[in-house]
Amino acid sequence: MSSTTSALIRLKSAQKSAKGVSLYSRFVNRPAGRYLAAGAYRLGLTPNHVTMISAVFSFAAVVVAALAVPTWAAGLVVWLGLAVGFAFDSADGQLARLRGGGSAAGEWLDHVVDCAKITALHTAVLISFYRHPDHFGTTADGWLLVPLGFQLAAVVTFFGGLLTEQLKPKAVPGDRAAPSTARAMALLPVDHGVFCLVFLLLGGGGTFRWAYTVLAAAAALFLVAFLTKWFRELSAVRR
(Lines give C-alpha, C1' and ligand atoms only; values in the text may rest on other atoms or scores of the structure.)
Protein backbone atom coordinates (compact mmCIF):
# COMPACT_ATOMS: atom_id res chain seq x y z
CA MET A 1 0.00 0.00 0.00
CA SER A 2 1.43 3.41 -1.00
CA SER A 3 1.97 6.15 1.54
CA THR A 4 -0.65 8.29 -0.23
CA THR A 5 -3.28 5.53 -0.05
CA SER A 6 -2.45 4.90 3.59
CA ALA A 7 -2.77 8.60 4.34
CA LEU A 8 -6.16 8.75 2.60
CA ILE A 9 -7.45 5.85 4.66
CA ARG A 10 -6.27 7.47 7.89
CA LEU A 11 -7.75 10.82 6.89
CA LYS A 12 -11.13 9.31 6.06
CA SER A 13 -11.46 8.10 9.65
CA ALA A 14 -10.21 11.38 11.14
CA GLN A 15 -12.66 13.84 9.63
CA LYS A 16 -14.23 16.64 11.64
CA SER A 17 -17.94 16.45 12.36
CA ALA A 18 -20.16 17.37 9.41
CA LYS A 19 -22.61 19.10 11.75
CA GLY A 20 -23.15 22.69 10.66
CA VAL A 21 -21.36 22.14 7.33
CA SER A 22 -22.99 22.77 3.95
CA LEU A 23 -23.35 20.11 1.28
CA TYR A 24 -20.62 21.71 -0.84
CA SER A 25 -18.04 21.59 1.92
CA ARG A 26 -19.06 18.09 2.97
CA PHE A 27 -19.13 16.43 -0.44
CA VAL A 28 -16.80 18.59 -2.55
CA ASN A 29 -14.32 20.68 -0.59
CA ARG A 30 -13.46 18.28 2.22
CA PRO A 31 -12.91 15.28 -0.09
CA ALA A 32 -10.74 17.46 -2.37
CA GLY A 33 -8.84 18.67 0.68
CA ARG A 34 -8.33 15.07 1.77
CA TYR A 35 -6.51 14.22 -1.46
CA LEU A 36 -4.43 17.39 -1.24
CA ALA A 37 -3.55 16.64 2.38
CA ALA A 38 -2.47 13.10 1.49
CA GLY A 39 -0.29 14.44 -1.33
CA ALA A 40 1.20 17.10 0.94
CA TYR A 41 1.93 14.44 3.56
CA ARG A 42 3.80 12.34 1.02
CA LEU A 43 5.82 15.39 -0.06
CA GLY A 44 6.76 16.15 3.54
CA LEU A 45 4.96 19.51 3.65
CA THR A 46 3.77 21.01 6.92
CA PRO A 47 0.28 22.42 7.56
CA ASN A 48 1.76 25.93 7.45
CA HIS A 49 3.16 25.22 3.98
CA VAL A 50 -0.31 24.16 2.85
CA THR A 51 -1.87 27.28 4.40
CA MET A 52 0.53 29.46 2.43
CA ILE A 53 -0.21 27.54 -0.79
CA SER A 54 -3.89 28.24 -0.14
CA ALA A 55 -3.06 31.92 0.34
CA VAL A 56 -1.12 32.09 -2.94
CA PHE A 57 -4.01 30.68 -4.99
CA SER A 58 -6.63 32.76 -3.17
CA PHE A 59 -4.82 36.09 -3.36
CA ALA A 60 -3.78 35.54 -6.98
CA ALA A 61 -7.50 35.19 -7.74
CA VAL A 62 -8.22 38.35 -5.74
CA VAL A 63 -5.70 40.32 -7.80
CA VAL A 64 -7.28 39.10 -11.05
CA ALA A 65 -10.77 39.99 -9.78
CA ALA A 66 -9.65 43.50 -8.88
CA LEU A 67 -7.41 44.40 -11.82
CA ALA A 68 -8.33 42.28 -14.84
CA VAL A 69 -10.92 43.24 -17.40
CA PRO A 70 -14.08 41.37 -16.27
CA THR A 71 -14.44 38.78 -19.04
CA TRP A 72 -15.71 35.20 -18.96
CA ALA A 73 -12.11 33.96 -19.12
CA ALA A 74 -11.10 36.16 -16.20
CA GLY A 75 -14.07 34.85 -14.23
CA LEU A 76 -12.96 31.27 -14.85
CA VAL A 77 -9.44 32.09 -13.63
CA VAL A 78 -10.81 33.78 -10.50
CA TRP A 79 -13.08 30.84 -9.73
CA LEU A 80 -10.29 28.30 -10.23
CA GLY A 81 -7.91 30.21 -7.97
CA LEU A 82 -10.51 30.60 -5.23
CA ALA A 83 -11.75 27.01 -5.48
CA VAL A 84 -8.24 25.53 -5.34
CA GLY A 85 -7.32 27.90 -2.50
CA PHE A 86 -10.43 26.80 -0.60
CA ALA A 87 -9.54 23.13 -1.08
CA PHE A 88 -6.04 23.74 0.28
CA ASP A 89 -7.66 25.64 3.17
CA SER A 90 -9.42 22.40 4.07
CA ALA A 91 -6.24 20.38 3.50
CA ASP A 92 -4.09 22.21 6.08
CA GLY A 93 -6.28 21.16 9.00
CA GLN A 94 -6.57 17.61 7.69
CA LEU A 95 -2.81 17.40 7.28
CA ALA A 96 -2.37 18.64 10.86
CA ARG A 97 -4.63 15.82 12.14
CA LEU A 98 -2.75 13.32 10.00
CA ARG A 99 0.53 14.44 11.56
CA GLY A 100 -0.88 14.04 15.06
CA GLY A 101 -2.19 17.54 15.71
CA GLY A 102 -1.50 21.13 14.77
CA SER A 103 -0.01 24.05 16.65
CA ALA A 104 -1.55 27.21 18.04
CA ALA A 105 0.62 29.23 15.64
CA GLY A 106 -0.64 27.17 12.70
CA GLU A 107 -4.28 27.69 13.67
CA TRP A 108 -3.60 31.41 14.11
CA LEU A 109 -2.01 31.61 10.65
CA ASP A 110 -4.93 29.76 9.09
CA HIS A 111 -7.51 32.13 10.60
CA VAL A 112 -5.51 35.26 9.72
CA VAL A 113 -5.24 34.14 6.09
CA ASP A 114 -8.96 33.32 6.00
CA CYS A 115 -9.92 36.73 7.39
CA ALA A 116 -7.58 38.54 5.00
CA LYS A 117 -8.97 36.53 2.07
CA ILE A 118 -12.58 37.41 2.92
CA THR A 119 -11.77 41.10 3.31
CA ALA A 120 -9.64 41.30 0.17
CA LEU A 121 -12.11 39.44 -2.04
CA HIS A 122 -15.02 41.79 -1.40
CA THR A 123 -12.66 44.74 -1.74
CA ALA A 124 -11.69 43.36 -5.15
CA VAL A 125 -15.35 43.28 -6.20
CA LEU A 126 -15.74 46.87 -5.00
CA ILE A 127 -12.72 47.92 -7.08
CA SER A 128 -14.03 46.10 -10.15
CA PHE A 129 -17.49 47.68 -9.77
CA TYR A 130 -15.81 51.10 -9.56
CA ARG A 131 -13.44 50.53 -12.51
CA HIS A 132 -16.03 48.97 -14.86
CA PRO A 133 -19.39 50.63 -14.09
CA ASP A 134 -20.71 50.28 -17.65
CA HIS A 135 -19.99 46.53 -17.72
CA PHE A 136 -21.63 45.82 -14.35
CA GLY A 137 -24.31 48.52 -14.47
CA THR A 138 -22.89 50.12 -11.32
CA THR A 139 -22.89 53.72 -12.52
CA ALA A 140 -25.05 54.62 -9.51
CA ASP A 141 -22.79 54.96 -6.47
CA GLY A 142 -25.25 52.99 -4.32
CA TRP A 143 -24.10 49.75 -5.92
CA LEU A 144 -20.69 50.26 -4.31
CA LEU A 145 -22.35 49.73 -0.93
CA VAL A 146 -23.18 46.13 -1.82
CA PRO A 147 -19.58 44.80 -1.57
CA LEU A 148 -19.07 46.84 1.60
CA GLY A 149 -22.19 45.36 3.18
CA PHE A 150 -21.27 41.86 2.02
CA GLN A 151 -17.80 42.31 3.48
CA LEU A 152 -19.21 43.45 6.81
CA ALA A 153 -21.60 40.50 7.04
CA ALA A 154 -18.89 38.00 6.07
CA VAL A 155 -16.26 39.32 8.49
CA VAL A 156 -18.65 39.60 11.45
CA THR A 157 -19.95 36.08 10.76
CA PHE A 158 -16.39 34.75 10.59
CA PHE A 159 -15.31 36.49 13.79
CA GLY A 160 -18.54 35.72 15.64
CA GLY A 161 -18.33 32.03 14.77
CA LEU A 162 -14.71 31.78 15.93
CA LEU A 163 -15.41 33.58 19.18
CA THR A 164 -18.50 31.47 19.88
CA GLU A 165 -16.46 28.32 19.32
CA GLN A 166 -13.90 29.52 21.88
CA LEU A 167 -16.46 30.54 24.50
CA LYS A 168 -18.80 27.57 24.31
CA PRO A 169 -18.06 24.49 26.44
CA LYS A 170 -16.10 21.86 24.57
CA ALA A 171 -18.13 19.01 23.12
CA VAL A 172 -17.93 15.65 24.85
CA PRO A 173 -15.45 13.41 22.96
CA GLY A 174 -17.24 10.88 20.81
CA ASP A 175 -20.54 12.77 21.04
CA ARG A 176 -21.33 13.37 17.38
CA ALA A 177 -24.91 14.08 16.43
CA ALA A 178 -25.90 13.04 12.92
CA PRO A 179 -25.61 16.00 10.53
CA SER A 180 -28.88 17.38 9.19
CA THR A 181 -29.19 17.24 5.41
CA ALA A 182 -31.82 20.00 5.45
CA ARG A 183 -29.48 22.26 7.43
CA ALA A 184 -26.59 21.40 5.10
CA MET A 185 -28.71 22.48 2.12
CA ALA A 186 -29.88 25.65 3.88
CA LEU A 187 -26.26 26.68 4.50
CA LEU A 188 -25.32 26.54 0.80
CA PRO A 189 -25.90 30.30 0.19
CA VAL A 190 -23.23 31.18 2.77
CA ASP A 191 -20.72 28.49 1.85
CA HIS A 192 -17.47 29.97 0.52
CA GLY A 193 -17.30 27.35 -2.22
CA VAL A 194 -20.73 28.32 -3.51
CA PHE A 195 -19.73 31.99 -3.32
CA CYS A 196 -16.66 31.24 -5.47
CA LEU A 197 -18.96 29.93 -8.22
CA VAL A 198 -20.52 33.37 -8.73
CA PHE A 199 -17.27 34.57 -10.32
CA LEU A 200 -17.96 32.30 -13.29
CA LEU A 201 -20.54 34.98 -14.17
CA LEU A 202 -17.99 37.81 -14.11
CA GLY A 203 -18.17 38.27 -17.88
CA GLY A 204 -21.94 38.63 -17.65
CA GLY A 205 -21.79 42.08 -16.08
CA GLY A 206 -25.28 42.69 -14.73
CA THR A 207 -25.83 38.96 -14.19
CA PHE A 208 -22.81 38.85 -11.91
CA ARG A 209 -23.94 42.00 -10.10
CA TRP A 210 -27.37 40.55 -9.31
CA ALA A 211 -26.04 37.10 -8.33
CA TYR A 212 -23.49 38.74 -6.06
CA THR A 213 -26.20 40.98 -4.56
CA VAL A 214 -28.47 38.00 -3.85
CA LEU A 215 -25.64 36.26 -2.00
CA ALA A 216 -24.92 39.50 -0.11
CA ALA A 217 -28.56 39.65 1.01
CA ALA A 218 -28.39 35.99 2.08
CA ALA A 219 -25.20 36.71 4.05
CA ALA A 220 -26.94 39.57 5.87
CA LEU A 221 -29.97 37.43 6.74
CA PHE A 222 -27.83 34.53 7.93
CA LEU A 223 -25.74 36.93 10.00
CA VAL A 224 -28.82 38.02 11.94
CA ALA A 225 -29.83 34.38 12.43
CA PHE A 226 -26.33 33.31 13.49
CA LEU A 227 -25.88 36.20 15.94
CA THR A 228 -29.25 35.48 17.54
CA LYS A 229 -28.44 31.78 17.86
CA TRP A 230 -24.92 32.33 19.21
CA PHE A 231 -26.02 34.93 21.74
CA ARG A 232 -28.77 32.63 23.01
CA GLU A 233 -26.35 29.72 23.35
CA LEU A 234 -23.71 31.81 25.14
CA SER A 235 -26.30 33.33 27.50
CA ALA A 236 -26.51 29.95 29.21
CA VAL A 237 -22.73 29.74 29.70
CA ARG A 238 -21.31 30.81 33.05
CA ARG A 239 -17.66 31.82 33.23
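Predicted model: local features only at pLDDT ≥ 70, side-chain atom pairs only at ≥ 80, totals over all residues.

Q: Is cysteine 196 buried or exposed?

A: Cysteine 196 is buried, because its relative accessible area is 1%, and buried means under 20%. Across the protein, 41% of the 239 residues count as buried.

Q: How many disulfides does a search of the whole structure find?

A: The general idea is to look for a pair of cysteine sulfur atoms within 2.5 Å. In this case, the search of the whole structure returns 0 disulfides.

Q: Where is phenylalanine 159 found, and is this residue buried or exposed?

A: Phenylalanine 159 belongs to helix 7. Its relative accessibility is 53%, so phenylalanine 159 counts as exposed, the limit for that class being over 50%.

Q: How many helices and strands does the secondary structure of the protein contain?

A: There are 10 helices and 0 strands. Read from the N terminus, the order of elements is α-α-α-α-α-α-α-α-α-α.

Q: At what angle do helix 3 and helix 4 pack, and how far apart are their axes?

A: Helix 3 covers residues 47–67 and helix 4 covers residues 72–98; they pack at about 165°, with their axes 8 Å apart. An angle over 145 degrees counts as roughly antiparallel, and helix 3 and helix 4 are therefore roughly antiparallel to each other. The crossing of helix 3 past helix 4 is left-handed.

Q: How do the residues of the contact of helix 3 with helix 4 divide?

A: This contact comprises 16 nonpolar, 5 polar and 2 charged residues.

Q: Which residues of the largest nonpolar core touch the most other members?

A: A nonpolar core is read as a set of buried residues joined through side-chain atoms within 4.5 Å. Here the largest such core has 28 residues, and those touching the most other members are Leu82, Phe129, Phe150, Phe195, Phe199, Phe208 and Tyr212. At least two residues of this core come from each of helix 3, helix 4, helix 5 (104–131), helix 7 (145–167), helix 9 (192–197) and helix 10 (206–235). Helix 10 gives the largest share, 6 residues.

Key. Residues numbered from 1 in each chain as written. Heavy atoms only, no water. Buried < 20%, exposed > 50% of the residue type's maximum accessible area, 1.4 Å probe, protein only. Axes fitted to C-alpha atoms, helices over the stretch in contact; angles between N-to-C directions. Helix = DSSP H or I, 4+ residues; strand = E, 2+ residues; numbered from the N terminus. Parallel < 35°, antiparallel > 145°, perpendicular 65-115°, else oblique. Left-handed = near helix turned anticlockwise from the far one by under 90°. Nonpolar A, V, L, I, M, F, W, Y, C, P; charged D, E, K, R; others polar.
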